[in-house]
There are 2 protein chains.
Amino acid sequence: MTEGHGLDASVLVGLALILAVAKLGGELFERWGQPAVLGELAGGILVGNLALAGFTGAEFLRESGVVAALAELGVIILLFGVGLETSLGEMLEVGWSSLLVALLGVATPFLLGWGVARLFLPDASPLAHLFVGATLCATSVGITARVLKDMGALRTREARIIMGAAVVDDVLGLMILAVVVGAVEASAAGGTLSFAGVSLIAGKAVAFLVVALVAGHFLVPRLFRPVGRLKTRGALLAFSLAFCFLLSWLAARAGLAPLVGAFAAGLLLDEVEFADFDLRGTGDLEELLWPLGALLVPVFFVMMGLRVDLRELARPELLGFAAVLTAAAIIGKQVCSLGVLERGVNRFAVGLGMIPRGEVGLIFAGVGAALVLPAAGGATEPVISRAAFGAIVIMVIATTLVTPPALKRAFARAGAGREGATDEATAASSAASSGRGAGGGGEV
Amino acid sequence: MTEGHGLDASVLVGLALILAVAKLGGELFERWGQPAVLGELAGGILVGNLALAGFTGAEFLRESGVVAALAELGVIILLFGVGLETSLGEMLEVGWSSLLVALLGVATPFLLGWGVARLFLPDASPLAHLFVGATLCATSVGITARVLKDMGALRTREARIIMGAAVVDDVLGLMILAVVVGAVEASAAGGTLSFAGVSLIAGKAVAFLVVALVAGHFLVPRLFRPVGRLKTRGALLAFSLAFCFLLSWLAARAGLAPLVGAFAAGLLLDEVEFADFDLRGTGDLEELLWPLGALLVPVFFVMMGLRVDLRELARPELLGFAAVLTAAAIIGKQVCSLGVLERGVNRFAVGLGMIPRGEVGLIFAGVGAALVLPAAGGATEPVISRAAFGAIVIMVIATTLVTPPALKRAFARAGAGREGATDEATAASSAASSGRGAGGGGEV
């Protein structure tokens, strides 16, 4: 009835399908002791491949601009939530161990991933190799945080180092993403990216984050104090979202992914004292944000699953690629345990805790699949091909599945975790981790 | 960066602008003692006309398919919330007075509106006249409920009759909308709508509602009992939304507006016992739905405001049309007071309480503006022209502004309200009214 007005009625039945599949998949995986987000992904893979096998319903979803836009809004809400749960003060206090762990844990997987992609995708563009490397960088610490919490090990020095390093990882990963995307765009425009170009993009990314965080640090409390005096219901939620969307747009204008802006907005709003606000007894901003994430975030994960073509993965060489990529992802993060400077810390546990890629790897892969490069014959092709996308999804699933049992065994065997516990670091890291746990579960 | 992937970054800054404008406008109007929803509308009018005057930012919003889709999702969430706040049992118990009041209060404004449109828009299609009549039908009782609540008059017989009649109004209005839309679509396809065609559409609408409500009455509790046993966070919200979207899609397939399905879904879910559900201490489903409405519903109202071209309204004949249409809207609803059968009831207050059109009139006008008819020269034109749309918005604003002071005076002068109070009707109607109050405020 309202065709041409934006919302095709098929979008409605598509959203209904996505939500049902996401929750049923999430429920199954949670009952098996796995993160719900993997179930959402698996549900998407199932529906997508039923569609490929002849059930045509899902094809529409893959093509719909409105559903794609909702999925992107989901990622923005997700990263906003991650930012809200990350304390800027904690980020500045993480210490040298976290910084070194993060740097090693970003650089090694990036190089390994790049090498593996060169080996297994010889015909793909060099930029595709860089992009595969980038998907191996960031750590999705939500899964680790949940396991540590279940073991009562959140107050250990290991946990503190992992949490700090994961935050630095997020920022470094987003910067690498910005540079790789810049290189792709330069190439699509017919040029190549010089060293000066790389520096410019990295510089813009750093400048955006520094300016946003420093200016925001002074401006945001002043901006949001009047909001606390507004009487209209929902003023805080509306202005927080408006701020998040504004910074996402500014990040896009600065050549970064919009989700970098959403993350920065979350970091800044985390600092505001919301004590004055009428939050209607629901706890805090994260609680208000949660239903939005519950609608929009599963759209993202199911759509990611929809893009996986299992027929591609049936090819032995691609399964081999996925296996070696997974090995690179795991080994690459073990190197980062060399960055632990303190004595008496279970380095093996730290390395294991950095393994899961979860939503962050998927977000990067999704960005790559949406970017196009000129191909032979005037056509264009996505930077991350369907085949590479499938391999990355397998890597994400494998790294996420392997972490909980490995981490439990490492803590149990060494028994060192609890002895090295320090009580200082607690409040902040446990707050961050419980939140990140929810984020890792596919919900803000 | 992600152009062609659904979400243009400009959508983000557009959403930020919409949210800020909506909340600032709503805050101003609430401080003036007016409903917040009028402020959201006024904010949209302001931004839209600044854009017409040369500030080009808002033009993009008016064209964006994604923003239009979000606005439509907002209306669906809004009607879902209205349905959740309406008790099906209460609907069946409203008694003959409410039914008669509703029938008179729908038929009279429809005929008056049709006549006024014929008089003032002689060149428009006869279907446009019918559509203008339809926008006068439904009562937006939220504003009335809020005023009655402020006066402590919610337990009066008058309040009970108004609330019951408003529910019947919603259903009758949606059926008239379905028939008028069907007539437009038949005409756009080159035919006309016969009496048989009208009966078919009305029959389909009734059949959809009856089948959905009767089948749902038996099936929904059985369907949602297993949902209560799911452990995943947010399962209830996800499956409720999936159910709402599914019925919206079915309504669209039955030739009705999707929002009819959303309303029916809300009615049905209102019946389910949610005691088993883990609602995380946030109250109930309506509380979980609220942040979604806080994001999406203002998008609808600001977009409605954006469509009003004040230059059109500067033409005297159009201002005259708006004034006479407003008079028709007010007088038409006074006739319905003849339907009150009981003695000792302040009929004048009942008639006044039915005046506000609020969001329902706007939703109808928005549907009309999105429908096109073939025009001269092979082109198409919207059923509700920009000029007619402006006049309808003025009517909505005027009827909403006039109700609170008039109603207060009527109750104060007669002093009859409190004497005729019955204590039986309270729990249900006060629950419904407090909810509708929030709905009328532009928030679910």
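1. Before comparing the two chains, a word on method: copies are superposed by least squares on the C-alpha atoms of residues with pLDDT of at least 70 in both, where pLDDT is the predictor's confidence in each residue, from 0 to 100. Done that way, chain B can be laid on chain A with an RMSD of 0.1 Å, using a turn of 180° and a shift of 0.0 Å along the axis. The two copies are thus related as by a two-fold rotation axis.

2. Keep in mind that this is a predicted model, in which local features need pLDDT of at least 70 and side-chain atom pairs count only at pLDDT 80 or more, while totals for chains, interfaces and linings use all residues. Residues are numbered from 1 along each chain as its sequence is written, and chains are lettered from A and ligands numbered from 1 in the order in which they are written.

3. How far to trust it? The model scores ipTM 0.76 and pTM 0.78. Chain A has an average pLDDT of 77, and 82% of its residues score at least 70. Two stretches of chain A to handle with care are residues 1-5, where pLDDT stays under 50 and the model has 11 contacts beyond four places in sequence, and residues 416-444, also below 50, with 88 contacts beyond near neighbours in sequence. Where pLDDT is low, the predicted coordinates should not be read in detail.

4. Now the interface. Counting two residues as in contact if their C-beta atoms, placed from the backbone, lie within 7 Å, 54 residues of chain B touch 54 residues of chain A. On the chain B side, the elements giving two or more residues are α1 (9-31), α4 (65-85), α11 (235-253), α13 (285-306) and α17 (358-370); helices here (H or I, at least four residues) and strands (E, at least two) are DSSP runs, numbered from the N terminus. α1(B) gives the most, with 13 residues.

5. What is that side of chain B made of? Its residues divide into 38 nonpolar, nine polar and seven charged. (Ala, Val, Leu, Ile, Met, Phe, Trp, Tyr, Cys and Pro count as nonpolar, Asp, Glu, Lys and Arg as charged, and the others, Gly among them, as polar.) Also, 100% of the interface residues of chain B are interface residues in chain A too, so the copies meet through the same surface.

6. Helix α1 (residues 9-31) and helix α13 (residues 285-306) of chain A pack at about 85°, with axes 9 Å apart. Axes are lines fitted to C-alpha atoms, for helices over the stretch in contact, and angles run from 0 to 180 degrees between N-to-C directions. α1(A) and α13(A) are therefore roughly perpendicular (65 to 115 degrees). I18(A), L19(A), V21(A) and A22(A) meet P298(A), V299(A), F301(A) and V302(A), a contact of eight nonpolar, no polar and no charged residues.

7. In chain B, the axes of helix α10 (residues 195-229) and helix α12 (residues 258-269) come within 9 Å and cross at roughly 30°, so α10(B) and α12(B) are roughly parallel (under 35 degrees). L209(B), A212(B), L213(B), G216(B), H217(B) and V220(B) of α10(B) meet A264(B), L267(B), L268(B) and L269(B) of α12(B). That contact divides into eight nonpolar, two polar and no charged residues.

8. Last pair: the axes of helix α7 (residues 126-135) of chain B and α17(B) come within 8 Å and cross at roughly 160°. That makes α7(B) roughly antiparallel (over 145 degrees) to α17(B). F131(B), A134(B) and T135(B) meet G361(B), F364(B), A365(B) and G368(B), giving four nonpolar, three polar and no charged residues.
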